[in-house]
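Here's a walk through one protein model, going from its sheet to its charged pairs. Have the structure open and follow along.

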Amino acid sequence: IRSGQKIESEGDLVLLGDLAPGAEIEAKGNVFVLGNAQGMIHAGIDGDKKSVIVALQMNVSFLKIADEIAKSPEDSSGMYPEIAYLDDGGNFVVEEIKSTEAYSKYLSQKIPEKSSKGFKKLFRF
């Protein structure tokens with residue numbers, strides 16, 4: 001999305017591409033940017049504090065979830081996708097997805113050999 005453009009959504013919003021500086025996204029639900037997010041993102045515009053913002057590269061000028069607003073994190077490495085959400089105290093949390101509990105749980109699970117064979121048979125490897 002180019003600078004000066006604004007996209008609004010009645011639900012969740014998935015952007016396949018980059019959000020340029022000066023561009024804006026607003027959604028009643030969650031926002032997922034599969035690219036470099038450099039503009040302004042507002043999730044949960046109807047006050048949903050459970051909404052999240054996820055971006056492959058979180059370089060936004062401002063993040064807003066419900067009525068809470070935060071400036072972009074300065075320590076963003078850009079090495080991993082990041083997720084922004086409000087904790088139980090209403091504070092903004094921005095963290096790399098690789099360090100979240102859900103990602104750790106995913107890594108600790110092993111795919112059974114039986115599933116792997118079925119997958120190979122389905123796609124004829």
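Let's start with the open sheet: five strands make it up, in the order 1-3-5-7-8, with mixed pairing. Strand 1 (6–9) and strand 8 (68–71) sit at the edges with a single partner strand each, so one side of each has no neighbour in the sheet. On average, neighbouring strands here are turned by 10 degrees against each other, direction ignored; the axes behind that angle are lines fitted to C-alpha atoms, for helices over the stretch in contact, and angles run from 0 to 180 degrees between N-to-C directions.

A few ground rules before going on. This is a predicted model, where local features need pLDDT of at least 70 and side-chain atom pairs count only at pLDDT 80 or more, while totals for chains, interfaces and linings use all residues. Residues are numbered from 1 along each chain as its sequence is written, and side-chain values use heavy atoms, with hydrogens and water left out. Helices (H or I, at least four residues) and strands (E, at least two) are DSSP runs numbered from the N terminus, and two strands pair if DSSP finds at least two bridges between them.

**The chain as a whole**

The protein chain has two helices and 10 strands, and along the sequence the pattern reads β-β-β-β-β-β-β-β-β-β-α-α. Of its 125 residues, 34% count as buried; buried means under 20% relative accessible area, exposed over 50%, and partly exposed in between (1.4 Å probe, protein chains only). The accessible surface comes to about 8,300 Å², and 51% of that belongs to carbon and sulfur atoms; the areas come from the Shrake-Rupley method with a 1.4 Å probe, and for residues only the protein chains shown count as cover. Take contacts (heavy atoms within 4.5 Å) between residues at least 6 apart in sequence: 12% of them join residues at least 24 apart.

How far does the confidence go? Mean pLDDT (the predictor's confidence in each residue, from 0 to 100) is 82 for the protein chain, and 73% of the residues reach 70 or more. Over residues 118–125, pLDDT stays under 50, and the model has two contacts beyond four places in sequence for that stretch. Where pLDDT is low, the predicted coordinates should not be read in detail.

**Strand pairings**

His42 stands opposite Lys64 of strand 7.

Now look at strand 9 (residues 82–86), where four of the five residues are buried. Strand 6 (residues 53–58) runs antiparallel to strand 9 and is joined to it by three bridges, with Ala55 having Glu82 as its bridge partner. Strand 9 also pairs with strand 10 (residues 92–96), antiparallel over five bridges, and Tyr85 faces Val93 there. Strands 9 and 10 form a hairpin with five residues between them, and Gly90 in the turn has a positive phi of about 85 degrees.

**A buried leucine**

Which residues does Leu15 touch, leaving out those up to four places away in sequence? They are Ile1, Ile25, Phe32, Val33 and Leu34. Leu15 belongs to strand 2 (residues 13–15) and is buried, at 11% relative accessible area. Phe32 is 17 residues away from Leu15 in sequence, and their C-alpha atoms are 6.2 Å apart.

**Charged pairs**

The whole structure holds five salt bridges, each being a side-chain nitrogen of Lys or Arg within 4 Å of a carboxyl oxygen of Asp or Glu.

| Salt bridge | N to O distance |
|---|---|
| Glu8 and Lys6 | 3.7 Å |
| Asp46 and Lys28 | 3.6 Å |
| Lys49 and Glu68 | 3.9 Å |

Lys6 and Glu8 also belong to a salt-bridge network with Glu26. Glu8 is exposed at 56% relative accessible area, whereas Lys6 is partly exposed at 43%.

Asp46 forms its salt bridge with Lys28 at 3.6 Å. That pair links distant parts of the chain, 18 residues apart: Asp46 is in the loop between strand 5 and strand 6, and Lys28 in the loop between strand 3 (24–27) and strand 4 (31–37). Asp46 is exposed at 58% relative accessibility, and Lys28 partly exposed at 28%.
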